[in-house]
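Reader: Can you walk me through this one? I have a few quick questions.

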Amino acid sequence: MNKMNKMKFLFYVFVSAILCFSQNIIAKGSSEINIIPLPEKCKINSGSFVFNEKTKIVLDVKNEDLIHAASILNELFSSAAGFTIPVIEQASGSGLIVCKLNPSLTNDELYKLSIKKNKIQIEAKKPQGIFYAMQSIRQLLPPQIESNQKIQNIKWEVPCVEIEDSPRYIYRGLMLDCSRHFFTKGEVKQYIDLMAFHKMNTFHWHLTDDQGWRIEIKKYPKLTTVGGYRNRTLEGAYVSPSKRKWDNTVYGGFYTQEDVKEIIAYAKKRFVTVIPEIELPGHAIAALAAYPQYSCSGGPFEVEGLWGVHNDIFCSREETFEFLEGILGEVSELFPSQYIHIGGDEAPKLRWKRCYSCQERIKKEGLKDEHELQSYFVTRISKFLASKGKRIIGWDEILEGGLAPDATVMSWQGMKGGIEAAKQNHDVIMAPNSYVYLDYYQANPKTEPHAIGGYLPIWKVYSCNPTPKELTPDEAKHIIGFQGNLWTEYIKTFSHALYMAYPRAAAVAEVGWTADSQKNYDKFQNRLMVIMKHYDMMGINYNKTFLTEERKEENK
């Protein structure tokens, strides 16, 4: 560590210690509190509200979603403080947390939080606003509130504040790739918990790829019995074939439809929508290993243990569409989400160029080339899903050959694809790899676990403005969201996944929630050092290298 880095490190340690010691002591008149994402409006007053055995949550209506929204505090206090906060419908007096739904409010996710010495009042249009207010209270509490064991001699208090808050974007997402490496049902739930902690509302679940098919489809059982397992996995870096090393252990796993239902129900209680990704027409080798007849060549194939892009993709024969519609029909029944993500990325056209059936399809449909064939493929799937009441999201390659009607573009190759889609009046979710690919290195590769490459420190995540200046105000309305992506080629364990995701995912959350004009990286760092104490009590493995990273000009 050079002299400047050492001085910076000591400074941050000192600041962190002061912040952690005084995390709930906030100067009167301060305009900022230790919440991530940063609230839209906040006024801090003197005094604090103290939770104890007499505290109660009062709901103005009997509503299942509202009960779920309020119960998060009950669960936390039951574990960490040893007392519960009952949820009731009517009460009077002090020590109450009064939750009220107000249909006249303008935003479905807006909440108003008033913390006074003797009462907390929360007002929101819908239950998710109540839930977000509860998450703000949670972050203001001592970090020991995250403990799963009773903590002694803690004063459970939060500062008196007035907050009015709502998000910048309606879609605030985080993706987890469970195809390259499989994570248990419990681990997926924890991933969703952490998202909800930072008010993210969409879990993008990457379930199929060349390296594994992870979701049970009853009509096609071999998708999981065959496609769910690979016989070998690349070890170390992606190098030339003669230098590659392999782990020849059989690797795999999948989620039953009952597992999927359980995870969706779990997410719903945390106001997180689960969107599945079923890759097509590319990244299909795990499916083709199970059902090779839906390829151009007929196989045989084996589930890939090698990362990257592979030439074998779904054929455009009629039988393939029947196969995919059978799959997507079951997926549509399982997932209540408005969207189904169909991938659409990295689909090489080599097999289509050499395939008699695909060339006949191009002639029959009057298509110009294989790029228009991909557009035909995606459009046809989009129409099928529309018949099931669903809309598609696809990576920005679905722009090739023309966008399917009503398609939403997830722009990963920078922002260019998103800009193009917005100019065509299509909705866009920004997920540019240069800002939100959380599998990239976040510090010096010499001191970090092996990653896929790239360099993405937390300050750069935070610096992103998902709405490009090139767009007119009307075009900018089509930028509906922001998402971080965690691909797992080189992430074998859930502990490693959390290390790569956090605290960068906290920056993703703030970019998706907070107006660009309100963002300030220095203040975000200060708040993050307090929130990290919550991470510590949660027992999650997260990265701390941002404390010693050199600041960049782009950070301004």
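Author: What follows goes from the overall fold to single residues. Keep in mind that this is a predicted model.

Reader: Fine. How many helices and strands are there in the protein?

Author: The protein has 18 helices and 21 strands.

Reader: And the radius of gyration, for 556 residues?

Author: It is 25 Å. A compact globule with 556 residues would have a radius near 24 Å, so the protein agrees with that. The C-alpha trace spans about 75 × 60 × 50 Å along its principal axes.

Reader: What share of the residues is buried?

Author: Buried residues are 59% of the 556. Among contacts with a separation of 6 or more, 72% come from residues 24 or more positions apart.

Reader: What about the surface? How much of it belongs to carbon and sulfur atoms?

Author: Carbon and sulfur atoms hold 50% of an accessible surface of about 22500 Å².

Reader: Let's do helices. What span should H11 have, and what does it have?

Author: H11 covers residues 370-387, which is 18 residues. At 1.5 Å a residue it should span 26 Å, and its end C-alpha atoms are 26 Å apart, so the two agree.

Reader: Which of its residues are buried?

Author: In H11 the buried set is Glu-370, Leu-373, Gln-374, Ser-375, Tyr-376, Phe-377, Val-378, Thr-379, Ile-381, Ser-382, Phe-384 and Leu-385.

Reader: What covers them?

Author: The cover includes strands E16 (273-280), E17 (339-343) and E18 (391-395). It also includes helices H8 (318-334), H9 (350-354) and H10 (356-364).

Reader: Now H4. How far does it reach from first C-alpha to last?

Author: H4 runs over residues 185-197 and reaches 19 Å. That is close to the 18 Å expected for its 13 residues.

Reader: Which H4 residues are buried?

Author: Val-188, Lys-189, Tyr-191, Ile-192, Leu-194, Met-195, Ala-196 and Phe-197 are the buried residues of H4. Just after H4, Lys-199 has a positive phi of about 65°.

Reader: Which other residues have a positive phi without being glycine?

Author: Phe-271 is one, with phi near 60°. Asp-406 is another, with phi of about 70°.

Reader: Where are they, and are they buried or exposed?

Author: Phe-271 is in the loop between H6 (257-268) and E16. It counts as buried because its relative accessibility is 13%, and the cut-off for buried is under 20%. Asp-406 is in the loop between E18 and E19 (408-411). At 47% relative accessibility, Asp-406 counts as partly exposed.

Reader: Switching to peptide bonds. Where are the cis ones you know of?

Author: Leu-280 and Pro-281 are joined by a cis bond, with omega about -5°. Pro-281 lies in the loop between E16 and H7 (285-290). The bond from Gly-299 to Pro-300 is also cis, with omega near 5°. Pro-300 is in the loop between H7 and H8.

Reader: What is it in contact with?

Author: Beyond neighbours within four places in sequence, Trp-412 is in contact with Asp-345, Glu-346, Trp-395, Asp-396, Glu-397, Ala-431, Pro-432, Asn-433 and Tyr-437. The C-alpha atoms of Trp-412 and Ile-393 are 12 Å apart.

Reader: Last one: Leu-73. Which helix is it in, and what does it touch?

Author: Leu-73 is in H2, residues 64-80. It counts as buried, at 0% relative accessibility. Not counting residues up to four places away in sequence, Leu-73 touches Phe-51, Ile-57, Ile-97, Met-134, Ile-137 and Leu-141. Ile-145 is 72 residues from Leu-73 along the chain, with the C-alpha atoms 9.2 Å apart.

Key:
Residues numbered from 1 in each chain as written. Predicted model: local features only at pLDDT ≥ 70, side-chain atom pairs only at ≥ 80, totals over all residues. Heavy atoms only, no water. Helix = DSSP H or I, 4+ residues; strand = E, 2+ residues; numbered from the N terminus. Rg over C-alpha atoms; globule rule 2.2 N^0.38 Å. Buried < 20%, exposed > 50% of the residue type's maximum accessible area, 1.4 Å probe, protein only. Contact = heavy atoms within 4.5 Å. Areas by Shrake-Rupley, 256 points an atom, 1.4 Å probe, with all protein chains shown as cover. Expected span 1.5 Å × (residues − 1).
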